[in-house]
Protein chains: 4
Amino acid sequence: MIIIMEPNASEEQIQNVVNHVHSLGMRTVLNCGVIQTVIAAIGETPKYSTDQFEILDGVRKVERIQVPFKLVSRDSHHDDSVITVRNNIKFGGDNPPVIIAGPCSVENEENLIAIAKIAKECGAKMLRGGAFKPRTGPRMFEGLGKLGLQFLDVARKQTGLAVVTEIMDVRDLDLVCEFTDMLQIGARNMQNFTLLNEVGRADKPVLLKRGLSATIDEWLLAAERIMDKGNSKIILCERGIRTFDNKYTRNTADIAAIPVIKRLSHLPVIFDPSHATGKWNLVAPLAKAAVVAGAHGLIIEVHPDPEKALSDGAQTLNFDNFKLLCRELEKLVSVLSPVKS
Amino acid sequence: MIIIMEPNASEEQIQNVVNHVHSLGMRTVLNCGVIQTVIAAIGETPKYSTDQFEILDGVRKVERIQVPFKLVSRDSHHDDSVITVRNNIKFGGDNPPVIIAGPCSVENEENLIAIAKIAKECGAKMLRGGAFKPRTGPRMFEGLGKLGLQFLDVARKQTGLAVVTEIMDVRDLDLVCEFTDMLQIGARNMQNFTLLNEVGRADKPVLLKRGLSATIDEWLLAAERIMDKGNSKIILCERGIRTFDNKYTRNTADIAAIPVIKRLSHLPVIFDPSHATGKWNLVAPLAKAAVVAGAHGLIIEVHPDPEKALSDGAQTLNFDNFKLLCRELEKLVSVLSPVKS
Amino acid sequence: MIIIMEPNASEEQIQNVVNHVHSLGMRTVLNCGVIQTVIAAIGETPKYSTDQFEILDGVRKVERIQVPFKLVSRDSHHDDSVITVRNNIKFGGDNPPVIIAGPCSVENEENLIAIAKIAKECGAKMLRGGAFKPRTGPRMFEGLGKLGLQFLDVARKQTGLAVVTEIMDVRDLDLVCEFTDMLQIGARNMQNFTLLNEVGRADKPVLLKRGLSATIDEWLLAAERIMDKGNSKIILCERGIRTFDNKYTRNTADIAAIPVIKRLSHLPVIFDPSHATGKWNLVAPLAKAAVVAGAHGLIIEVHPDPEKALSDGAQTLNFDNFKLLCRELEKLVSVLSPVKS
Amino acid sequence: MIIIMEPNASEEQIQNVVNHVHSLGMRTVLNCGVIQTVIAAIGETPKYSTDQFEILDGVRKVERIQVPFKLVSRDSHHDDSVITVRNNIKFGGDNPPVIIAGPCSVENEENLIAIAKIAKECGAKMLRGGAFKPRTGPRMFEGLGKLGLQFLDVARKQTGLAVVTEIMDVRDLDLVCEFTDMLQIGARNMQNFTLLNEVGRADKPVLLKRGLSATIDEWLLAAERIMDKGNSKIILCERGIRTFDNKYTRNTADIAAIPVIKRLSHLPVIFDPSHATGKWNLVAPLAKAAVVAGAHGLIIEVHPDPEKALSDGAQTLNFDNFKLLCRELEKLVSVLSPVKS
């Protein structure tokens, strides 16, 4: 921890900070600069908040040196983690990008199975579909609940695809685990610590979406929390962030976050072009961009009739456009060199 | 709902959109402009997502005319709502601003009671204090839990102050209701719809903090959800938003949100200068600014020794600074004309 | 123009707005909704500010229907514009992406010529290099000025590469035009209207960088201004925007802006991965992402010894990394289908 | 300067960085932490870019310790600077807030003089009015130019008010100086370094507006540039920043920036509630908020008939509302304790 003193800090103020650090069992190194003094506190700094140093007289600013996350960091686990779903689906490392496809919400069994079959035919390995839907307004369609989970279960049995769905309520954990292969934490719940704690205790892979305005550090700290509770099967998912301009896109796709995460963490990272853009005609260019930038997978909304979808129709691909995208992705992947993180 | 066609949309595309609107039981008005046509859809538009119109051929953009919230809107309830806590504390309308003070986290009984006494002495009506603390990192102090609630209960009995504390887990609802007078929904949980639904069914006033990057509309929609479930005792709380610059402040205090909310909604709105700034020496100027801009109250972090606080020390006032602020606020309030919304 | 009335607007207020619109020579269409009335103003709306309607009694909000830019819009010019530099370099349409490479600042002749040779060898068509450097702080290296322009001139003569450099001062226009093939407007000057007006009168192609926090509309309006003054040879350049997170990247690369611009405008759009990321090890993944998302070109900072560069060293590729990137781009381009906008 | 090494940096990499720092004539202090090493570079660090250290092998991150601005910092000039305009108008220190009022654009002589008289009557000390107007779109009213300056001159002679107007083109400097008492640098030109350099050489006070997305540091660096060229009569002006939500306000008023600037710099800082909010009915609450937060002045748009104003009508006060605001401000100022920065 680095404690930066004010330029006019007195000897006494500096000594007082040094004593305070020592009293907590840490060592200090003094860096007496031309303008001001910097005190390095060395020892078990993660135990202490920067606040209690920042408020001491004569202190200008306090900064941590270590990254705030540890278990998810490449510093503590150098090689890529490969997360395996249902024994045969592999996210991360040098494995080719995994495609997850499906409707925003599960609407009915027939429709879901039709989508699942197309998804499988195009090379997708997993089926997505919401049974519990977070909706901004209180009087909108919020999903079929348990019935939706059962339809997902039918679809996975018929097609062999693995299934991922969002969990919103800790009280649904057992139910959701029963019918699915991967738990999704949605963007709005990325800092729902109660929910993170519980999925951290579950024995299922977790797809952790980045919050709408979460920094890279906050996103990795959310993963750290899950791993700290015992679950290390985590896949990160970039899905667009909130910025000053959302006139032509729902969010701003942060493609650079993909290679950034790959440098900071050993966990796999995938991309959601549907939510990142909010427009079906931007899904293909952004999906391709993410894959060449190194994404370990894609999660894409697909529906036979997007104009009839009960939610998110504007960002959903129809079957023809989804097939076309899958063919284009295949060609790109064929010329990519194996990416070294 | 306003459906804006592309400048080159064909007659057939326009007719197709009109037919689609009629098929859903709504009327249309055609506005044939110089460059492009705008179709107004009139009827029960809130039932339909804009997505299903936006995706039709020849449509450029779809916009709602009505505000997305209804119960919390001044359009449906013209006069200010006054929310009463414990029969005698009144938020909203022409009532003078209510001050809520206390530590970030409840740390121990003695300390809490000392703070409560000072708060009362300075004119505060309510005591704040976290028993369950949301912490970004997984291995930080997360509050005393039930014991913290019990200490709050002791403090309110000794001082007569009402108590507000944050609830993070739906499973804690009964417990938290037992010991407190108002439930706080923290910024990170503003779109935790499961939690909003549950406090919407509770018989306690709710303090709803604005999410870190929530728009005014999203914040009011979160309140709408609570009210839609049956609880209309809601107090909104501005606490700073996330912007591009956080070098000198933790968040950006959105003071204009206070008069904006007062125009849009009948609900009271208060301000949290501690989280909005993150720096104790900015708490006083911003607290005063919020009050003259029309805030119905303030929630302020106070601690006898901020440098020893287990959390948020840097943004916490000590007793002397808190007393000074309360005196200054009193003078300002004395010269404010009653604000007409 | 759409004038949205308050739900409780009186008949008289509505009539007053209608009269005001008529008095300006425009027609009206009334859309009487369930909750509120919307008045469409039809005619020469671009002549009038929305402000003068918004301030009338009973008006809630006023919105324009037409896009605010006209000359640069695909609505007025359906096919892609191809901008030609020095007769043989073509940006836009189905032409393969053009690579522009070079140092941040021109430092000396020898160094510049070495870079130009490598750039040419790798397939770049243009050389970049700053003679006048905008620096945030006042006492940093601000470029060689006229001498830098002369070095660029030598380099283009020796290698045949075309040259682009930034212009910051209207008084330098003739000088810069004499030595270069394309004028660059930097991000900080995207709304320097004096400068835009002048390059709009020049007979040189203009590379218009997006401002740090410019919306898509503002960026296109800046291009509109240049075109309105008579110069239609404009190439747009996305270079990253400012968002809430810049810990691991200098800016947030807005890759989706590339396909968005291609839908809205007929002008070509290129990408600057160096400024968009600020980190040399993110340049390659983002450059590749931009190209598969449809960019018509790339502008990349290259230097023989980035650790000795006088500016922007951290985001600059050395020769080996630049060569490697060019080879990878070639492979990707070979499998891309011609993109239809 | 603090150079943070990677946790796995080798002894050789550390030594290499140390040697590089020494070769530039600076000293080093090694801080060997539990996880990683931090090297403090001590000496003339402002001469060197952090880039050239960041790119060395084994370096994770480089941070400056000193504030990047020097002349404008309180570190180098402890007491408040008081900027005097026309001998009798004083901004800064303990002087009461100065009110600047006037139309967005100068429209005609009669109108301007009527506004100037009201402004004076209400206690304003200066008249604002644009002769050269920056407009986002190219075909909008851009001001009367020299004629506008002449009208301002007539108004100041008739009323005795001092005059401030925006300068956009370095070639207009002599002309604008001839007719006005203070030069305004608009938000869009805050990083127009050519213009900053020129007003830095002028003998007139400068009103420096904060850029739309300028950090506090960038804003102070723009002031530093002006002061570095020789002009130290600078008044800073907060006018709202760009954030994710602009549905109900044009910008987000950053009220906390006022006390932050007062701590960092000795220069006076004023507030522009008109541009910060964009809505006339938010001007009064925010103007009052800024004054109690410590602003040294206000610049407010006033017009006899805002609905007929050629620009910015929606954010302009009419005479009655301006008078009311001035009376309320007077009451607030009377109870404010002299603020100690």
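Chain A can be laid on chain C by a turn of 180 degrees and a shift of 0.0 Å along the axis, with an RMSD of 0.0 Å; copies are superposed by least squares on the C-alpha atoms of residues with pLDDT of at least 70 in both. The two copies are thus related as by a two-fold rotation axis. The model is a predicted one: local features need pLDDT of at least 70, side-chain atom pairs count only at pLDDT 80 or more, and totals for chains, interfaces and linings use all residues. Residues are numbered from 1 along each chain as its sequence is written, while chains are lettered from A and ligands numbered from 1 in the order in which they are written.

**Chains A and C**
- A289(A) is the residue of chain A that comes closest to the rotation axis, with its C-alpha at 2.0 Å.
- The same surface serves both copies, as 100% of the contact residues of chain A recur in chain C (two residues are in contact if their C-beta atoms, placed from the backbone, lie within 7 Å).

**Chains D and C**
- Chain D is superposed on chain C by a rotation of 180 degrees with 0.0 Å of shift along its axis, at an RMSD of 0.0 Å.
- The C-alpha of S213(D) is the one in chain D nearest this axis, 3.1 Å from it.
- In this pair, 35 residues of chain D are in contact with 35 residues of chain C.
- On the side of chain D that touches chain C, α2 (51-54), α6 (193-201) and α7 (216-228) of chain D each supply at least two residues; helices (H or I, at least four residues) and strands (E, at least two) are DSSP runs, numbered from the N terminus.
- α7(D) gives the most to this side, with 5 residues.

**Helix α4 of chain D**
- α4(D) covers residues 146-159, and its 14 residues reach 20 Å from the first C-alpha to the last.
- G148(D), L149(D), F151(D), L152(D) and A155(D) are buried in α4(D) (20 or more other C-beta atoms within 10 Å of a residue's own, with C-beta atoms placed from the backbone).
- The cover over these buried residues includes α3 (109-121), β8 (126-128), β9 (162-166) and α5 (173-179) of chain D.
- After α4(D) comes G160(D), whose phi is positive, near 80 degrees.

**Domains of chain A**
- The domain assignment gives domain 1 (2-63) and domain 2 (83-335) in chain A; such bounds come from an automatic or database domain assignment.
- The C-alpha centres of domain 1 and domain 2 of chain A lie 44 Å apart.

Note on methods. The expected span of a helix is 1.5 Å times one less than its number of residues. A residue is buried if 20 or more other C-beta atoms lie within 10 Å of its own, exposed if 12 or fewer, and partly exposed in between; C-beta atoms are placed from the backbone.
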